[in-house]
Amino acid sequence: MKGSSHRDGIASPCYHYFLTLPSHINLLSTSVEPTREATKMSRFPKITNPYFMAIVATVGGMLFGFDISSMSAIVITDQYIDYFGNPSGVTQGAIGSALAAGSVIGSLMAGPISDKFGRRDSIMFACLWWLVGTAVQVATNGVGSLIAGRVLNGVCVGITSSQVPVYLAEIAQRDIRGRIIIIQQLAIEWGILIMYFIGYGCSKIQGTASFRTAWGTQLIPCVLLMIGLPFLPRSPRWLAKVGREEEAIQTLADIQAHGNKDDPLVIAEWEEIYTVLAAEREAIRGWRKFVVNGMWKRTLAGMSVQAWQQMSGANVIVYYIGYVFLMADLEGDVNLISSGIQYALFIIFTTIMFFFIDNTGRRTLLVWGGIGMAVCHFVVGGLLGTYSIDVPEGVGGNHNVVIKVTGSPAHGVIAFSYLLIIVYALTLAPVAWIYAAEVWSLGTRATGMSLAAVANWLFNFALGLFTPPAFLNIKYKVFIIFGVLCIGSAIQAWLTYPETCGKTIEEIEILFAKGAPAAWKTKKGGSRLDAEIEAVLNRKERGEAVHAEVHHASEKTATSEVAKETV
């Protein structure tokens with residue numbers, strides 16, 4: 001494209017191009033004979049309500065939640081401790097972090113699979129790993145097979161955690177994109193809560209049937225996801241990327257305008273998509289496109305926001321809340337129920353943010369969320385460091401917890417652990433997924449989000465492995481370390497994360513282009529799509545034939561050949 005700049009690895013979208021297009025030229029007026037694959041009807045009817053699509057797709061997030069609390073509700077039960085030999089330190093850390101290890105592998109696989117076969121089908125592929133991994137866990141005969149099953153489950157979670165946000169970002173309207181992607185976080189939290197109380201109920205079963213039954217129920221959401229996926233349409237942006245333009249336009253119209261391809265919003269958004277895609281096809285290919293000529297800014301933003309989500313320490317609290325409450329002198333059923341209350345708070349406050357996420361800046365939430373969580377960590381660490389007593393034999397016989405507080409300090413630890421989760425639920429928990437899905441271009445989004453998920457899971461793995469030994473060795477100082485890291489996350493968010501709220505995902509490219517304003521000078525809203533829609537309406541009023549249609553076959557690149565292999 002002559003009107004595009006290639007200084008940032010991929011071309012910046014020429015939004016002014018549409019507004020200055022001569023009246024006698026219609027960029028999208030040429031139709032071609034659709035391919036057999038594009039016109040072939042699916043066997044399943046497609047439901048294109050954005051909220052329905054999000055609810056089905058984010059069952060993939062629910063799998064992650066199920067796996068988290070399948071351990072947190074079980075690790076403090078007598079059945080688990082007796083059968084696996086009271087694992088502690090590095091051994092328990094390896095069991096807990098095995099999911100994250102598999103998720104790193106899954107995240108690395110996800111990008112190429114998603115680009116070739118599509119966002120939707122990559123999620124279906126992930127389900128197969130979950131079925132096998134869950135079967136291995138249910139049949140476990142020791143620590144080794146338990147770790148193996150969790151690694152296999154992790155491959156599934158790595159794929160879904162990276163590609164579900166990509167799918168949601170690509171199908172959502174700009175004014176509800178944050179709300180759509182936050183459903184992913186809500187699904188994770190519902191999975192945590194549901195599985196936690198399943199685990200609590202199963203803890204009353206004697207023998208190994210206790211944890212085998214709990215782990216076996218993880219098959220249920222996976223089967224439901226596999227049933228629902230065929231009713232979802234493919235991402236219109238992926239369809240455009242692989243040359244299936246007629247299908248892309250129709251899917252975009254179905255999602256945005258109840259099937260009306262001549263709706264001004266559909267025309268304007270399709271023009272954005274095609275212009276950015278055409279420019280990207282001329283840009284640098286291969287892994288260099290993630291680092292050269294300013295693209296490193298996006299890579300840094302996408303990967304670091306996911307890393308900070310883990311380094312904030314909140315997910316460690318979610319994984320090991322049972323241990324933290326043992327430190328606060330809560331044992332038995334009181335511990336399990338108190339931990340369940342934390343998961344309920346998680347859902348309640350993320351649900352509240354669902355209604356405000358698209359009216360609140362991403363930067364605001366990331367900065368103040370980091371500061372708020374730091375305060376909570378410092379208070380918990382301070383109370384444990386000042387008032388705890390050593391229990392060398394382990395609190396309640398659990399070798400992972402060797403300090404405890406009682407009385408008012410214990411109440412303070414519980415209260416600020418709850419407050420930490422509330423702040424996290426309002427800020428980093430949902431926003432890290434939203435922001436990481438928004439910052440990439442169409443050509444880099446699937447693999448870029450995979451890289452972001454790799455960062456998430458690498459730190460998840462490291463911290464999951466580190467935390468049980470840390471509780472044994474540095475004790476309360478764990479919370480001080482997390483507090484300092486939260487301050488670091490707030491500083492980076494303020495310095496390097498431009499505001500993306502209220503902008504189209506094509507428009508966000510400008511925020512990372514050379515010469516873009518400093519991150520702290522960017523504001524939410526201000527989308528140019530409204531002006532483009534107005535331009536389309538003006539052209540229609542002048543009697544011009546304006547349509548969102550496919551282009552000459554000669555304008556397509558070799559990527560369209562992929563469509564012939566993937567239906």
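Helix α15 passes helix α21 in a left-handed crossing. In this predicted model, the axes of α15 (residues 296–311) and α21 come within 9 Å and cross at roughly 160 degrees. The angle lies over 145 degrees, and the two helices are therefore roughly antiparallel to each other. On the α15 side, the contact is made by Ala 301, Gly 302, Val 305, Gln 306, Trp 308 and Gln 309; on the α21 side, by Leu 428, Ala 429, Ala 432, Trp 433, Tyr 435 and Ala 436. By class, the contact of α15 with α21 has 9 nonpolar residues, 3 polar residues and no charged residues.

Helix α21 (residues 428–438) also packs against α9, with axes that come within 9 Å and cross at roughly 130 degrees. That angle makes α9 and α21 oblique to each other, and α9 passes α21 in a right-handed crossing. From α9, the residues Arg 177, Gly 178, Ile 181, Ile 182, Gln 185 and Ile 188 meet Ala 429, Pro 430, Trp 433, Ile 434, Ala 437 and Glu 438 of α21. By class, this contact of α9 with α21 has 8 nonpolar, 2 polar and 2 charged residues. Ala 429 and Trp 433 of α21 take part in the contact with α15 and also in the contact with α9.

| Helix pair | Axis approach | Crossing angle |
|---|---|---|
| α15 and α21 | within 9 Å | roughly 160 degrees |
| α9 and α21 | within 9 Å | roughly 130 degrees |

Helix α9 itself comprises 26 residues (residues 177–202), which at 1.5 Å a residue should span 38 Å; its end C-alpha atoms are 38 Å apart, in agreement with that expectation. Of these 26 residues, 20 are buried, so α9 is largely enclosed by the rest of the structure.

For the chain as a whole, there are 24 helices and 4 strands. Of its 567 residues, 62% count as buried. Among the contacts with a separation of 6 or more, 82% are accounted for by residues 24 or more positions apart.

Two buried residues illustrate such surroundings individually. Gln 218 lies in the loop between α10 (209–216) and α11 (219–228). Its relative accessible area is 0%, so Gln 218 is buried. Leaving aside residues up to four places away in sequence, Gln 218 touches Leu 63, Phe 66, Asp 67, Ser 70, Trp 130, Thr 134, Gln 137, Asn 153 and Met 195.

Leu 252 is placed in helix α13 (residues 245–257) and is buried, with a relative accessible area of 3%. Not counting residues up to four places away in sequence, Leu 252 touches Pro 236, Ala 257, Val 266, Glu 269, Trp 270 and Ile 273. Leu 252 and Glu 170 are 82 residues apart in sequence, and their C-alpha atoms are 9.8 Å apart in space.

Most residues other than glycine have a negative phi. Asn 86, however, has a positive phi near 50 degrees; this residue lies in the loop between α5 (78–83) and α6 (89–117). Asn 86 is buried, because its relative accessible area of 15% falls under 20%. His 258 likewise has a positive phi, of about 55 degrees, although it is not a glycine. The loop that holds His 258 is the one between α13 and α14 (264–280). With a relative accessible area of 82%, His 258 is exposed, whereas Asn 86 is buried.

Definitions and conventions: Residues numbered from 1 in each chain as written. Predicted model: local features only at pLDDT ≥ 70, side-chain atom pairs only at ≥ 80, totals over all residues. Heavy atoms only, no water. Buried < 20%, exposed > 50% of the residue type's maximum accessible area, 1.4 Å probe, protein only. Contact = heavy atoms within 4.5 Å. Expected span 1.5 Å × (residues − 1). Axes fitted to C-alpha atoms, helices over the stretch in contact; angles between N-to-C directions. Parallel < 35°, antiparallel > 145°, perpendicular 65-115°, else oblique. Left-handed = near helix turned anticlockwise from the far one by under 90°. Nonpolar A, V, L, I, M, F, W, Y, C, P; charged D, E, K, R; others polar.
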